[in-house]
Amino acid sequence: MEEQDWAQVVAAAVKAPSIHNTQPWRFTASADQVELHFDHERALPVLDPSGRQQVISCGIAVEFAVVALAARGLTAEVDLLPDGDASDHLATVRVTGAHETSADERSLADAIDRRHTVRAPFLPQAVPGDLVDALQQEAARFDTWCKPITRSEEEVATVFLISRAEEMEQGDPAYVAELQSWMRTDPGAVDGVPVEAVPSGDPRERPSNWLIRDFVVGQRESREFRAAGDPDAPPPDVERPTVLLMGTTGDDHTAWLQSGRALARVLLRATAAGVAASPLTQALDWPDTRTRMQQRLSLIGYPQFLLRMGYPPSDPGAVSGRRPVEDVLRFETA
Ligand SMILES: Cc1cc2nc3c(=O)[nH]c(=O)nc-3n(C[C@H](O)[C@H](O)[C@H](O)COP(=O)(O)O)c2cc1C
């Protein structure tokens with residue numbers, strides 16, 4: 001492929017969601033392949049010391065590249081960790097042939113530009129069961145399970161652990177400082193989370209059981225938490241999103257990359273069906289609440305990602321920026 005073709009594929013890949021919109025990646029393209037490398041300069045040492053959530057983010061970008069290639073009629077193979085598990089070279093996407101783009105491939109590729117994290121309350125309309133089945137099948141292709149949180153005791157446990165994790169985070173000045181360093185007020189910002197993309201009110205006062213991450217922590221007086229079973233519990237007409245917990249049997253770089261690839265497919269297929277999502281990953285940030293989630297939900301393996309899904313309101317909130325492709329892509333000539 002020519003350089004401008006790779007630039008277009010990488011432009012699609014970097015639309016991937018990433019934790020705090022850190023975009024922790026660098027790409028190197030040559031004639032028939034593109035490599036994705038982890039960019040440590042964009043690490044989150046407090047929130048994500050193992051790099052798990054950033055590697056997941058990179059896995060999403062890998063799969064967005066595969067989807068973009070398919071839309072151009074190109075078949076690709078992905079080698080994960082070709083230089084070994086400890087390497088920053090997380091993946092190589094290699095073009096191996098050509099095929100006729102299917103309508104399904106085109107619709108997934110079209111969803112790349114339309115997908116955004118929607119933190120606003122969803123409409124009171126359930127996500128269809130057959131779509132959830134399709135998302136589970138999609139994830140299974142990448143050795144990732146996808147468990148809808150439907151039973152009330154599972155919901156209570158998960159909501160409690162999210163609240164608990166949020167409370168721990170808000171009490172940790174290092175976490176708060178790191179989060180604030182990735183918040184952006186400039187509408188032209190090319191990374192980080194725009195303040196307009198997060199709720200301005202207290203997330204605990206939303207009509208939902210599901211506490212989204214509080215991005216403006218430290219800038220509010222109130223520090224009270226509403227845990228499950230609390231007397232201040234929300235009224236019955238609360239938002240009822242579909243919540244999917246995704247996980248893997250292992251918990252190494254390969255598992256993280258595979259769950260990211262699964263998540264990419266889940267998000268694009270959901271977007272193509274008009275369904276939006278926002279991650280709720282606080283409970284998985286910390287070893288304590290992550291382990292307790294494994295125990296309380298009797299999970300086989302490791303939870304990697306929690307996703308709130310539903311139909312978006314007419315104003316889904318601000319769109320986050322991306323670094324220009326030329327800042328993240330370099331070309332290697334043979
Ligand atoms: C691994 C991972 C974890 C995330 N965790 C959260 C979270 O806990 N709460 C949240 O509101 N958004 C979360 N996000 C969403 C990012 O903030 C979002 O993708 C980023 O700001 C870019 O915005 P976009 O998805 O609209 O393109 C997460 C994204 C990833 C990939």
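The model is a predicted one. The ligand sits in the largest pocket, and 21 residues surround the ligand.

**The shell around the ligand**
- The closest of the surrounding residues are R115, T117, R119, T281 and R322.
- Sorted by class, the shell is made up of nine polar, eight nonpolar and four charged residues.

**Where the shell comes from**
- Domain 1 (3-116 + 320-331) and domain 2 (129-310) each supply at least three residues to the shell around the ligand.
- Helix α2, which spans residues 52-71, gives the most to this shell, with three residues.

**Polar contacts and cover**
- In the side chain of R119, an N or O atom is 2.6 Å from an oxygen atom of the ligand.
- For R213, an N or O atom in the side chain is 3.0 Å from an oxygen atom of the ligand.
- S18 takes part through its backbone, with an N or O atom that lies 3.5 Å from an oxygen atom of the ligand.
- On its own, the ligand has 620 Å² of accessible area, and the protein covers 98% of that area.

Methods:
Residues numbered from 1 in each chain as written. Predicted model: local features only at pLDDT ≥ 70, side-chain atom pairs only at ≥ 80, totals over all residues. Heavy atoms only, no water. Near = heavy atom within 4 Å. Polar contact = N/O pair within 3.5 Å; in protein donor to acceptor, adjacent residues only side chain to side chain. Areas by Shrake-Rupley, 256 points an atom, 1.4 Å probe, with all protein chains shown as cover. 1 Å grid on protein atoms, 1.4 Å probe; cavity = no way out; pocket = protein on both sides within 12 Å on 5 of 7 lines; lining within 4 Å. Sits in = over half its atoms within 2 Å of the grid points. Helix = DSSP H or I, 4+ residues; strand = E, 2+ residues; numbered from the N terminus. Nonpolar A, V, L, I, M, F, W, Y, C, P; charged D, E, K, R; others polar. Domains from an automatic or database assignment.
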